[in-house]
Each structure stands twice: as C-alpha cells, then as structure tokens.
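User: Could you walk me through how to read some features of a protein model?
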Amino acid sequence: MPAQNVQQLVAAIKANPDKFPYGSFGNATSSHYAGAMFNQATGLNMLHVPYRGSAPLMTDLIGGQVPVSFDTVVAAAPQLKSGKIKVLAVTTARRSQNLPEVPTMAESGYAGFDFTAWLAMVGPKGLPADVKARLVKTLEVVMANAETQEAMRKAGFEPQWAPVTDWTGMVNKDIERMKAVAEKAHIKLD
C-alpha cells in the first residue's frame with residue numbers, strides 16, 4: 001500500500017476502485033460501520049469484506065489479501081509498532097492516547113468525522129436508586145484508580161469516566177445516527 005495518508009488512499013481508490021475492498025471484523029459490527037462512514041464521507045464505494053473477527057482480518061491485512069481495514073486501536077497498535085501495518089487515521093474526534101502520532105479523520109480533511117466506541121455498565125430496569133448510586137460511586141472510584149487506568153492503557157483502551165444522566169437520550173441519539181449510516185450503506189444483520 002503506497003498511501004501514506006488518507007488523502008493519498010482516497011486518490012488511489014478513486015484511480016482503481018475495484019482494487020480496494022475493505023475488511024471489517026464482521027457484518028454489522030463497529031468496524032463495518034466505520035468503513036461505511038468512511039465511504040460516505042469520502043464519496044467512495046469500497047466493497048465490504050466481513051471477517052469472523054479481528055484476528056483473521058488482521059492476518060489477511062498483514063498478508064495483503066485485503067488492502068484496507070477498519071479495526072480497533074487495541075488490535076492495530078501492536079501490529080503498527082512491529083511495522084507490519086500502517087495506520088493512516090483514527091475515526092475518533094480526538095487523537096488516540098495510544099497512537100498520538102496518528103491523525104484523526106477530521107485532521108485528514110473530513111471535518112465532523114467522529115466514530116467512537118463506548119462501553120457502559122448497565123443493570124436491570126427498576127434498579128433501586130440506592131443500589132444504582134452505590135454502583136456509580138464504586139465505578140467512579142475504580143475508574144479514578146491509577147493502576148486501573150494503567151492496566152486499561154496497556155490493554156489498548158483509553159480510560160474515561162463520565163456518569164450519564166440521560167442514558168436513554170444518549171443511546172437514542174447514537175441509534176439514530178447509526179441507523180442513517182446503515183440505511184445508506186444497506187447494512188443488515190445476517
């Protein structure tokens with residue numbers, strides 16, 4: 001892959017559209033959505049090649065069977081550090097703490113591009129308020145712990161803590177955004 005940045009990749013794909021499918025770690029996964037968002041932002045129509053997980057995708061990327069992939073920082077960082085792959089951009093609004101030298105898609109010329117995965121602790125509907133408050137406080141303490149943060153960083157995660165006051169609103173906003181991407185890219189569960 002001769003491209004050294006996103007602009008060069010887009011130019012290469014536009015010049016040879018049939019030679020650049022993109023791999024994801026599965027149909028309707030976050031990496032599939034990231035690729036669909038990339039297609040939509042750049043005006044490209046790269047063919048999606050779903051794999052059965054990140055490991056086989058990374059193996060084929062390294063082996064040259066697929067020229068472009070969308071994967072997690074957790075999966076890409078060791079391969080990048082070993083020189084087996086190159087990362088052209090991250091899909092988040094901010095640079096990754098784990099890959100600070102890698103520009104964002106917005107810095108690469110695609111303003112507003114922001115695709116961030118998040119994790120949440122959830123419980124059953126009707127969880128008593130005192131139990132919820134205790135869980136929130138405990139999670140806050142755990143996430144503030146320096147050892148926890150360091151362990152998460154070593155695993156490739158970027159530890160952040162923010163209690164969500166409007167969980168339903170946040171989830172519904174994400175659902176609507178991803179629904180629009182899915183409809184435009186014809187993403188469907190198998």
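Analyst: Happy to; we will go through aromatic pairs, then a pocket, then a helix. This is a predicted model, in which local features need pLDDT of at least 70, side-chain atom pairs count only at pLDDT 80 or more, and totals for chains, interfaces and linings use all residues. Residues are numbered from 1 along each chain as its sequence is written, and side-chain values use heavy atoms, leaving out hydrogens and water.

User: How many aromatic pairs does the structure hold?

Analyst: Rings of Phe, Tyr and Trp (its six-membered ring) pair if their centres lie within 6.5 Å; planes under 30 degrees apart are stacked, over 60 edge-to-face and the rest tilted. Here there are three aromatic pairs. The ring centres of Tyr22 and Phe70 are 5.4 Å apart with planes at 90°, so this pair is edge-to-face. Tyr22 is in strand β1 (residues 22-24) and Phe70 in the loop between β3 (68-69) and α4 (73-81), 48 residues apart. Helices (H or I, at least four residues) and strands (E, at least two) are DSSP runs, numbered from the N terminus.

User: Are Tyr22 and Phe70 buried or exposed?

Analyst: Buried means under 20% relative accessible area, exposed over 50%, and partly exposed in between (1.4 Å probe, protein chains only). Both Tyr22 and Phe70 are buried. Together with Phe38, Tyr22 and Phe70 form one aromatic cluster.

User: At what angle do the ring planes of Trp118 and Trp167 lie?

Analyst: Their planes are at 80° and their centres 5.4 Å apart, so Trp118 and Trp167 are also an edge-to-face pair. Trp118 is partly exposed, at 39% relative accessible area, and Trp167 is partly exposed at 33%.

User: Which element gives the largest share of the lining of the second largest pocket?

Analyst: On a 1 Å grid over the protein atoms alone, a pocket is an open set of points with protein on both sides within 12 Å along at least five of seven lines, and lining residues have an atom within 4 Å of a point. For the second largest pocket, that largest share is four residues from α2. The lining includes Tyr22, His32, Met46 and Lys184.

User: Which residues of α4 are buried, and what do they pack against?

Analyst: In α4, Ala76, Ala77, Gln79 and Leu80 are buried. The buried residues of α4 pack against α3 (54-63), where contact means heavy atoms within 4.5 Å. Just after α4, Gly83 takes a positive phi of about 85°.

Conventions. 1 Å grid on protein atoms, 1.4 Å probe; cavity = no way out; pocket = protein on both sides within 12 Å on 5 of 7 lines; lining within 4 Å.
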